[in-house]
Amino acid sequence: MSTDATLSFEEAMEKYDPVLGFEVHVELNTKTKMFSSAPNVFGDEPNTNVNEVDLGMPGVLPVVNKTAVESSIKIGLALNCKIAESCRFARKNYFYPDTPKNFQTSQYDEPIAYDGYLDIELEDGTVFRVEIERAHMEEDAGKLTHLGGSAGRIQGAEYSLVDYNRAGVPLVEIVTKPIEGAGSRAPELAKAYVAAVREIVKNLGVSDAKMERGNVRCDANVSLRPHGRERFGIRSETKNVNSLRAVEHAVRYEIQRHAAVLDSGEPVIQETRHWHEDTRTTTSGRAKSDADDYRYFPEPDLVPVVPSREWVEELRATLPEPPAERRKRLKQDWGYSDLEFRDVVNAGVLDEIEETIAAGATASVARKWWMGEIVGRAKNADVDPGQLGVTPATIVELSKMVEAGKINNKMASAVLDGVLAGEGTPAEVVEKRGLAVVSDDGPLLEAIDAALAAQPDVAEKIRGGKVQAIGAIVGGVMKATRGQADAGRVRELILEKLGVNV
Amino acid sequence: MAAINRDDVAHLARLAHIEMSAEELDRMAGELAVIVDAVKSVSEAAGDGVPATSHPIPLSNVFREDEVGHTFTAEQALSGAPDSDADRFKVPAILDED
């Protein structure tokens with residue numbers, strides 16, 4: 001595989017202005033497929049979630065899934081689109097074994113949703129509006145596994161095995177208008193846009209929105225033009241960029257590659273590119289050609305979808321609060337600083353903190369636990385913080401124990417470890433591990449006497465009014481009690497003992 | 001007479017994966033033109049106030065509730081397949097990743 005020349009991103013940006021475009025495919029999480037009653041389930045045994053419609057057998061008739069249409073309208077509304085008064089399906093004809101019908105049922109000239117926009121907030125708070133051209137309904141294709149020859153690659157494969165479980169799964173394809181003016185923030189915007197779409201469909205509850213499972217898939221179009229020129233350059237389309245990080249990297253790479261091509265005086269070839277996560281590069285797929293003549297025509301087996309305005313308004317009324325607005329509200333309610341809130345969002349624990357507060361914790365306690373204790377543990381375990389197994393009830397119980405002085409913060413952290421290790425509830429872990437704070441003054445007074453005797457000069461300073469020196473004595477006591485003393489009580493007892501009134 | 005030439009027919013034949021001889025291409029170019037003209041006469045019959053339609057029956061919103069129905073077993077699904085392996089359809093490798 002030859003490596004394409006690239007310019008540095010900075011040099012590419014000095015010379016050229018990038019224009020982006022995205023096609024994002026969202027798999028809906030309906031119970032059944034778009035046009036058949038076979039189940040829409042991921043990960044089942046091959047070719048068991050199929051019936052005669054999915055296999056394109058002669059004489060069968062598709063019937064549209066009402067819930068899929070409702071989900072599509074909801075997506076359109078959440079993307080601020082107009083919903084078509086009437087729309088129809090079309091056949092996109094092509095020969096490839098991922099569709100047993102030799103066509104994909106899609107929408108062509110009449111998408112169900114069109115002319116929308118999405119305001120994308122970049123990391124520093126800048127808001128960038130992305131215009132949505134259309135969102136249309138279609139069906140997913142089957143899954144091919146290429147075998148023989150070099151492992152898993154189509155090049156050199158001897159044959160392919162096809163599983164049609166995914167064939168006919170409802171998809172909504174969201175297409176942007178050309179995105180101009182992003183400049184050097186194009187890669188960041190690309191990632192933020194796909195993240196926003198994913199968040200919206202997840203928030204709507206219409207898709208499982210797991211990119212690693214292909215529930216949300218992105219094709220990224222990139223072209224460059226010299227600064228100041230209105231006409232777009234020739235674009236490439238990088239297919240199936242299937243993680244947020246990859247979207248950012250792929251756009252960045254294509255900008256650098258296009259810049260090198262243009263610098264050499266050659267024209268960019270309009271083509272499909274394939275993204276390679278391992279090398280973070282793209283390779284040429286195929287050039288646009290006759291094969292793209294899909295001979296779309298209206299699907300004769302399906303009648304038009306005519307969403308009444310009443311139906312659309314009913315669906316609009318069910319829409320949840322948009323994620324961006326929800327974030328604004330939560331930030332204000334919780335009183336977090338910009339930085340604190342951004343860290344919470346980036347750590348992906350917004351829902352968890354909200355649930356913990358709902359369970360009775362204060363906003364600052366919830367943040368302290370999730371950001372201070374749980375995020376780090378999740379990172380070590382290589383799972384999402386929400387999947388670590390910490391429930392809001394556990395956090396509330398732990399923080400109550402700390403407030404009541406039963407355990408201190410250090411112990412609370414150990415108790416959390418115990419809970420995660422399956423040792424029971426926080427109360428049970430405290431019991432089993434013998435972690436209760438020593439509150440009987442007797443052992444504490446002994447330890448205090450020992451600590452004062454060990455550091456007579458410090459004791460003298462405190463007597464003389466330098467109360468801030470008390471830390472050294474408290475530290476000695478904590479060490480002697482292996483951290484099980486209540487530091488506040490120790491401090492009180494020391495001052496009492498030395499006859500210092502504060 | 002509709003303008004369908006031999007190149008148009010050859011193009012369509014290639015897209016549809018149909019192999020056609022030189023004679024067939026010549027003949028089809030003429031026949032298709034006649035067919036297109038015949039269909040065209042229908043649109044002449046419709047007045048200006050009649051919008052184009054892809055469905056002659058005035059029906060819309062024919063939906064199915066999202067309820068799981070019947071499925072095949074893998075064995076049934078593969079029963080008519082020319083070749084299969086590991087409960088999947090086996091097909092020749094085709095160089096195209098779309």
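A residue counts as buried if 20 or more other C-beta atoms lie within 10 Å of its own, as exposed if 12 or fewer do, and as partly exposed in between. Keep that rule at hand for this tour of a predicted model.

**Stop 1: Asp417 in chain A**

Select residues 409-420 of chain A. This is helix α11(A), and Asp417(A) lies in it. Is Asp417(A) buried, exposed or partly exposed? Its C-beta has 14 other C-beta atoms within 10 Å, so Asp417(A) is partly exposed. Asp417(A) and Glu373(A) are 44 residues apart in sequence. In space, their C-alpha atoms are 9.8 Å apart.

**Stop 2: α2 against α3 in chain A**

Select residues 66-78 and 186-204 of chain A, which are helices α2(A) and α3(A). Two numbers describe a helix pair: the angle between the axes and the distance between the axes. Here the angle is about 130° and the axes are 10 Å apart. The two helices are therefore oblique to each other. The crossing of α2(A) past α3(A) is right-handed.

Show the side chains where they meet. From α2(A) come Lys74(A), Ile75(A) and Ala78(A). Facing them in α3(A) are Ile200(A), Val201(A) and Leu204(A). The contact has five nonpolar residues, one charged and no polar.

**Stop 3: two asparagines with positive phi**

Move on to Asn80(A), in the loop between α2(A) and β3(A). Asn80(A) is not a glycine, yet its phi is positive, about 60°. With 16 other C-beta atoms within 10 Å, Asn80(A) is partly exposed.

Next, pick Asn240(A). Where does Asn240(A) lie? It lies in strand β12(A), residues 236-241. Asn240(A) has 17 other C-beta atoms within 10 Å, so Asn240(A) is partly exposed.

**Stop 4: α13 against α15 in chain A**

Select residues 441-454 for α13(A) and 470-480 for α15(A). Their axes are 9 Å apart and meet at an angle of about 130°. That makes α13(A) oblique to α15(A). Their crossing is right-handed.

Which residues of α13(A) meet α15(A)? They are Leu444(A), Ala447(A), Ile448(A), Ala450(A), Ala451(A), Leu452(A) and Ala454(A). On the α15(A) side, look for Ile473(A), Gly476(A), Val477(A) and Ala480(A). By class, the contact holds ten nonpolar residues, one polar and no charged.

**Stop 5: the end of α16 in chain A**

Select residues 487-498 of chain A. These twelve residues form α16(A), which should span 16 Å at 1.5 Å a residue. The end C-alpha atoms are 17 Å apart, which agrees. Step one residue on. Gly499(A) follows the helix, with a positive phi near 65°.

**Stop 6: where chain A touches chain B**

Show both chains. The contact takes 44 residues from chain A and 36 residues from chain B. On the chain A side, β2(A), α2(A), β9(A) and β14(A) each give two or more residues. Which element gives the largest share of the chain A side? It is β9(A), with five residues. The chain A side divides into 21 nonpolar, 13 polar and ten charged residues.

**Stop 7: α2 of chain B**

Finish with residues 22-45 of chain B. This helix, α2(B), has 24 residues. It reaches 36 Å from first C-alpha to last, close to the 34 Å expected. How many of its 24 residues are buried? The number is one, so α2(B) lies largely in the open.

Technical notes: Residues numbered from 1 in each chain as written. Chains lettered and ligands numbered in written order. Predicted model: local features only at pLDDT ≥ 70, side-chain atom pairs only at ≥ 80, totals over all residues. Axes fitted to C-alpha atoms, helices over the stretch in contact; angles between N-to-C directions. Helix = DSSP H or I, 4+ residues; strand = E, 2+ residues; numbered from the N terminus. Parallel < 35°, antiparallel > 145°, perpendicular 65-115°, else oblique. Left-handed = near helix turned anticlockwise from the far one by under 90°. Contact = placed C-beta atoms within 7 Å. Nonpolar A, V, L, I, M, F, W, Y, C, P; charged D, E, K, R; others polar. Expected span 1.5 Å × (residues − 1).
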